[in-house]
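Work through the following exercises with the sequence and the model at hand. Each task is followed by a solution in steps.

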Amino acid sequence: MNEAILLTENEVKGILEKDASGHDWHHIDRVRKLALHIGRKEGINDLHIIELSALLHDVSDDKLQPSYMRGQELLESILDQLNLHQIDKSKIKSIIDSVSFKGGNQKPLSSIEAKIVRDADRLDAIGAIGIARTFAYGGSKGQSLYNPELSVRKNMTLEEYRNGESSSIHHFYEKLLTLKDSMCTNTGREIAEERHTYMEGFLKQFFNEWNGHQ
Ligand code: NI
């Protein structure tokens, strides 16, 4: 059991070590811890699948890999080293598949484990960490902190979501403030509530300062 976790940790660290888009190893580690926390709270006995899925959830992401196929191959090659039962392997792949946000285009969730890992991943996109990640990611894409001339985009295609012009503050309205209502577990909802309120406070202060109010 632990051997598979250790091996996965090492593989993932190697792949994501130099990522500057907010999907670095520390993101993975936070999602893993949060997923385990939610799993325990939700009464899941076997947390092994949850932990492996959380560790691997960004490895095959086509934002981070040159192509979808390359990402799948990479994921497959790690899973092959873990001596898993075929059924567990398929379960992990289906969990990872349902985690991705992709402009709000939702995939149906296959299992309680998928709900937990997705909640954990989305929770790491909100709150104080979410704010920090948003500006780091925006900076890596050359986006401004805020551009009052742009409008908030709704119902985007994946293409528009990834490549359209936006600002970091817009990202709160286009994605982050919608995540609270997409939680699938009660534990996820409780944590999201608190982080959501924190972001609202941040935005209020941001606009006060933007507008020159004291
Ligand atoms: Ni992630």
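**Exercise 1. Surroundings of Met199**

Find which residues Met199 is in contact with, leaving aside its neighbours within four places in sequence.

Solution. 
- Step 1. This is a predicted model, and Met199 is found in helix 10.
- Step 2. Apply a cut-off of 4.5 Å between heavy atoms. With neighbours within four places set aside, the contacts of Met199 are Ile126, Gly127, Ile131, Phe172, Leu176 and Leu177.
- Step 3. Take Leu176 from that list. Met199 and Leu176 are 23 residues apart along the chain, and their C-alpha atoms are separated by 8.8 Å.
- Step 4. The relative accessible area of Met199 is 0%, so Met199 is buried.

**Exercise 2. Helix 10 as a whole**

Solution. 
- Step 1. Just after helix 10 comes Gly212, with a positive phi of about 75°.

**Exercise 3. A lysine in a loop**

Is Lys180 buried or exposed?

Solution. 
- Step 1. Lys180 is placed in the loop between helix 9 and helix 10.
- Step 2. The relative accessibility of Lys180 is 18%, and the limit for buried is under 20%, so Lys180 counts as buried.
- Step 3. Not counting residues up to four places away in sequence, Lys180 touches Arg189, Ala192, Glu193 and His196.

**Exercise 4. Another loop residue**

Is Asn83 buried or exposed?

Solution. 
- Step 1. Asn83 lies in the loop between helix 4 and helix 5.
- Step 2. Its relative accessible area is 76%, so Asn83 is exposed.
- Step 3. Check the backbone as well: phi of Asn83 is near 55°, a positive value in a residue other than glycine.

**Exercise 5. The nickel site**

Identify the protein donors of the nickel ion and classify their arrangement.

Solution. 
- Step 1. The donors are NE2 of His27, NE2 of His57, an OD atom of Asp58 and an OD atom of Asp121, lying 2.1 to 2.4 Å from the nickel ion.
- Step 2. Along the chain, these donors follow the spacing H-x29-H-D-x62-D.
- Step 3. His27 lies in helix 2 and Asp121 in helix 6, so this pair ties together parts that are 94 residues apart in sequence. Both His27 and Asp121 are buried.
- Step 4. The 4 donor atoms subtend angles of 83 to 165° at the nickel ion, and the arrangement is therefore irregular. For a tetrahedral label, all angles would have to lie between 85 and 135 degrees.

**Exercise 6. Two sides of helix 1**

Determine where the buried residues of helix 1 fall when seen down its axis.

Solution. 
- Step 1. Helix 1 has 15 residues and reaches 21 Å from its first C-alpha to its last, close to the expected 21 Å.
- Step 2. Ala4, Ile5, Thr8, Glu9, Val12 and Leu16 are the buried residues of helix 1.
- Step 3. These buried residues fall within an arc of 135°, so they line one face of helix 1.
- Step 4. The face turned away from the buried side carries the exposed residues Glu3, Leu6, Asn10 and Gly14.
- Step 5. Helix 2 and helix 3 are included in what covers the buried residues of helix 1.

**Exercise 7. The core and the whole chain**

Find which residues touch the most other members of the largest nonpolar core.

Solution. 
- Step 1. This core has 49 residues, and Leu56 and Leu123 touch the most other members.
- Step 2. Helix 2 gives the largest share of this core, 7 residues.
- Step 3. Leaving aside neighbours within four places in sequence, Leu123 is in contact with Leu34, Ile38, Met183, Gly188, Ile191, Ala192 and Arg195.
- Step 4. For the chain as a whole, the secondary structure comes to 10 helices and 0 strands, and buried residues make up 47% of the 214 residues.
- Step 5. Among contacts with a separation of 6 or more, 63% are between residues 24 or more positions apart.

Conventions: Residues are numbered from 1 along each chain as its sequence is written. This is a predicted model: local features need pLDDT of at least 70, side-chain atom pairs count only at pLDDT 80 or more; totals for chains, interfaces and linings use all residues. Side-chain values use heavy atoms; hydrogens and water are left out. A nonpolar core is a set of buried Ala, Val, Leu, Ile, Met, Phe, Trp, Tyr and Cys residues joined through side-chain atoms within 4.5 Å. Buried means under 20% relative accessible area, exposed over 50%, partly exposed in between (1.4 Å probe, protein chains only). Helices (H or I, at least four residues) and strands (E, at least two) are DSSP runs, numbered from the N terminus. Donors are N, O and S atoms within 2.8 Å of the metal (3.2 Å for Na, K and Ca); water is not among the atoms, so sites may look incomplete. Four donors count as tetrahedral if all angles lie between 85 and 135 degrees; four count as square planar and six as octahedral if opposite donors are over 155 degrees apart and all others between 65 and 115; anything else is irregular. The expected span of a helix is 1.5 Å times one less than its number of residues. The arc is that of the directions from the helix axis to the C-beta atoms.
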